[in-house]
Amino acid sequence: MKIQADVVIVGTGVAGLFSALNLPLDKQIIMLTKADVQSSDSFLAQGGICVLRDENDYAGYFEDTMKAGHYENRKESVDIMIRSSREIIEDLVACGVEFEKENGEYIYTREGAHSRPRILFHEDITGKEITSKLLKQVQERDNIQILEYTTMTDIIEAEGICRGVYAVNKAAEELELHAEHTILASGGIGGLYEHSTNFPHLTGDALTVAKRHGIRLEHLDYVQIHPTTLYSKKPGRRFLISESVRGEGAVLYNKAKKRFVDELLPRDVVTKAIREQMEKDGTEYVWLSMEKMDKTEILKHFPNIYKHCLEEGYDVTKECIPVVPAQHYFMGGIWVDSYSRTSMERLFAVGETSCNGVHGANRLASNSLLESLVFAKRAARKITAAYGQKEKERK
Ligand SMILES: Cc1cc2nc3c(=O)[nH]c(=O)nc-3n(C[C@H](O)[C@H](O)[C@H](O)COP(=O)(O)OP(=O)(O)OC[C@H]3O[C@@H](n4cnc5c(N)ncnc54)[C@H](O)[C@@H]3O)c2cc1C
């Protein structure tokens with residue numbers, strides 16, 4: 001079946017949705033998702049979204065991002081992300097997203113490797129709050145159509161230019177989606193791992209396709225392991241215990257219930273310390289204790305984590321929980337420039353599937369929702385400008 005659109009977007013997480021919302025209203029947009037619209041990692045994000053609080057924090061935020069990334073980050077991208085952060089938060093608020101406030105002022109939380117609290121949050125379900133509100137806006141737009149359970153299998157390439165994608169739907173029908181511009185927003189690679197916090201259907205499909213067409217890729221070995229996921233013998237997705245829990249005072253214990261690491265060091269450093277401790281102790285996990293934290297604060301800030309742990313048999317207000325590192329995020333991906341353009345004409349990549357260099361070798365906590373949104377908007381702007389240019393030439 002052949003379908004014609006102006007823009008085709010692969011993926012309905014924050015990167016795909018925000019790209020769609022920033023494209024012109026008179027363009028026909030088709031979005032695909034491999035699963036249902038709610039099954040994206042964007043819905044799972046717990047901790048929050050970073051923002052530049054004020055000009056005095058620019059240097060600190062920049063340095064924290066670079067240091068966490070082992071100074072392998074692209075400085076231009078980091079600067080763009082930080083400078084665009086307030087505008088993005090305003091966009092989100094205009095879409096109906098609510099962040100925690102006290103006396104009418106935003107409150108900020110902190111996670112590992114941040115020199116200062118600069119993370120906006122909504123309980124411990126920030127991703128759901130943001131993504132569901134963006135999704136609602138998209139569903140209200142007449143010019144955007146979402147095809148669920150439709151998997152992109154390849155791109156359509158003609159004379160080195162991307163002309164859309166091939167896909168297959170739930171009824172096993174093969175689709176040819178022709179478009180002037182294509183945006184890959186298909187998320188990470190966690191589905192390729194046995195232990196991951198990601199949805200299992202996120203298997204880096206766009207990367208496989210990109211490799212097949214000789215599209216430039218970058219840092220394929222830069223995979224982030226999250227230090228603290230709830231230990232379980234059950235198969236499937238690992239439940240994340242957000243870093244902001246440690247930011248708000250939770251501590252890590254070894255087998256003898258003694259602290260063994262500074263919990264707020266960057267993720268890769270804490271992960272290494274946990275692995276070494278597990279080996280020393282001969283255990284499959286270490287303990288995370290929230291016992292000294294204020295119970296009201298736990299129930300208010302982390303209701304989802306509290307509820308999930310209770311369902312697994314642990315009352316976090318009274319006892320330690322077993323935690324273990326698991327695959328979490330992919331810093332590498334399809335190489336893109338600062339407007340999210342890939343090395344192939346008319347093909348863009350945004351969100352976790354792309355690599356614009358913001359995260360370097362290791363992502364700073366709560367930078368990925370922001371990065372996805374900033375660079376999705378830039379891709380949409382570039383496409384909008386291309387239509388404007390075409391219009392001018394026609395006149
Ligand atoms: C448990 C968890 C907690 C997190 N917490 C935070 C946090 O607090 N702050 C933060 O900044 N970041 C956090 N992150 C990271 C962040 O959520 C993700 O990096 C970000 O949401 C990625 O957005 P995305 O739009 O690129 O991809 P996703 O939201 O993963 O969306 C990918 C989309 O692509 C679709 N897709 C994939 N392959 C195909 C295909 N072949 N054909 C069609 N569709 C396809 C999927 O169905 C899905 O719709 C967290 C991640 C996890 C897993």
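Which residues have the most contacts inside the largest nonpolar core? The views below start there.

**View 1. The largest nonpolar core of the predicted model.** This is a predicted model: local features need pLDDT of at least 70, side-chain atom pairs count only at pLDDT 80 or more, and totals for chains, interfaces and linings use all residues. Residues are numbered from 1 along each chain as its sequence is written. The largest nonpolar core has 71 residues. Val7, Val8, Ile9, Val10, Ile29, Ile334 and Val350 have the most contacts inside this core. Helix 11 gives the most to this core, nine residues. A nonpolar core is a set of buried Ala, Val, Leu, Ile, Met, Phe, Trp, Tyr and Cys residues joined through C-beta atoms within 7 Å. Buried means 20 or more other C-beta atoms within 10 Å of the residue's own; exposed means 12 or fewer; partly exposed lies in between; C-beta atoms are placed from the backbone. Helices (H or I, at least four residues) and strands (E, at least two) are DSSP runs, numbered from the N terminus. A second, separate core has 25 residues, including Tyr231, Phe239, Leu240 and Leu288.

**View 2. The surroundings of Ile29.** Ile29 touches Ala5, Asp6, Val7, Ile9, Ala20, Leu23, Asn143 and Ile144, with residues up to four places away in sequence not counted. Two residues are in contact if their C-beta atoms, placed from the backbone, lie within 7 Å.

**View 3. Helix 1 against helix 11.** Two packed helices are described by the angle between their axes and the distance between the axes. Helix 1 (residues 14-21) and helix 11 (residues 368-394) pack at about 35°, with their axes 8 Å apart. Axes are lines fitted to C-alpha atoms, for helices over the stretch in contact; angles run from 0 to 180 degrees between N-to-C directions. The crossing of helix 1 and helix 11 is right-handed. A crossing is right-handed if the near helix is turned clockwise from the far one by less than a right angle, and left-handed if anticlockwise. Helix 1 brings Val14, Ala15, Phe18 and Ser19 to the contact. Helix 11 meets them with Leu369, Ser372, Leu373, Ala376, Lys377, Ala379 and Ala380. By class, this contact has eight nonpolar, two polar and one charged residues. Ala, Val, Leu, Ile, Met, Phe, Trp, Tyr, Cys and Pro count as nonpolar, Asp, Glu, Lys and Arg as charged, and the others, Gly among them, as polar.

**View 4. The shell around the ligand.** There are 43 residues around the ligand. Of these, Gly11, Gly13, Gly47, Gly187 and Gly351 come nearest. Helix 1, helix 2 (41-44), helix 5 (126-140), strand 9 (151-158) and helix 11 are the elements that give two or more residues to the shell. The shell divides into 14 nonpolar, 25 polar and four charged residues. A residue is near a molecule or strand if its C-beta atom, placed from the backbone, lies within 6 Å of it.

**View 5. Ala45 in a loop.** Ala45 sits between helix 2 and strand 4 (49-50). Ala45 counts as buried because it has 27 C-beta neighbours inside 10 Å. Beyond four places in sequence, Ala45 touches Thr126, Gly127 and Leu369. Ala45 and Asp124 are 79 residues apart in sequence, and their C-alpha atoms are 8.0 Å apart.

**View 6. His328 in strand 17.** Strand 17 spans residues 321-330. His328 has 26 C-beta neighbours inside 10 Å, so it counts as buried. Its contacts beyond four places in sequence are Thr197, Gln224, Ile225 and His226. His328 and Glu345 are 17 residues apart along the chain, with 31 Å between their C-alpha atoms.

**View 7. Gly191 in the loop between strand 12 (181-184) and helix 6 (205-212).** Gly191 is partly exposed because 18 other C-beta atoms lie within 10 Å. Apart from neighbours within four places in sequence, Gly191 is in contact with Asn198, Phe199, Pro200, His201, Leu202 and Thr203.

**View 8. Positive phi at His70 and Ser340.** His70 is not a glycine, yet its phi is positive, about 60°. His70 lies in the loop between helix 3 (58-68) and helix 4 (75-94). With 13 C-beta neighbours inside 10 Å, His70 is partly exposed. Ser340, also a residue other than glycine, has a positive phi near 65°. Its loop runs between strand 18 (333-335) and strand 19 (347-349). Ser340 is buried, with 29 other C-beta atoms within 10 Å.
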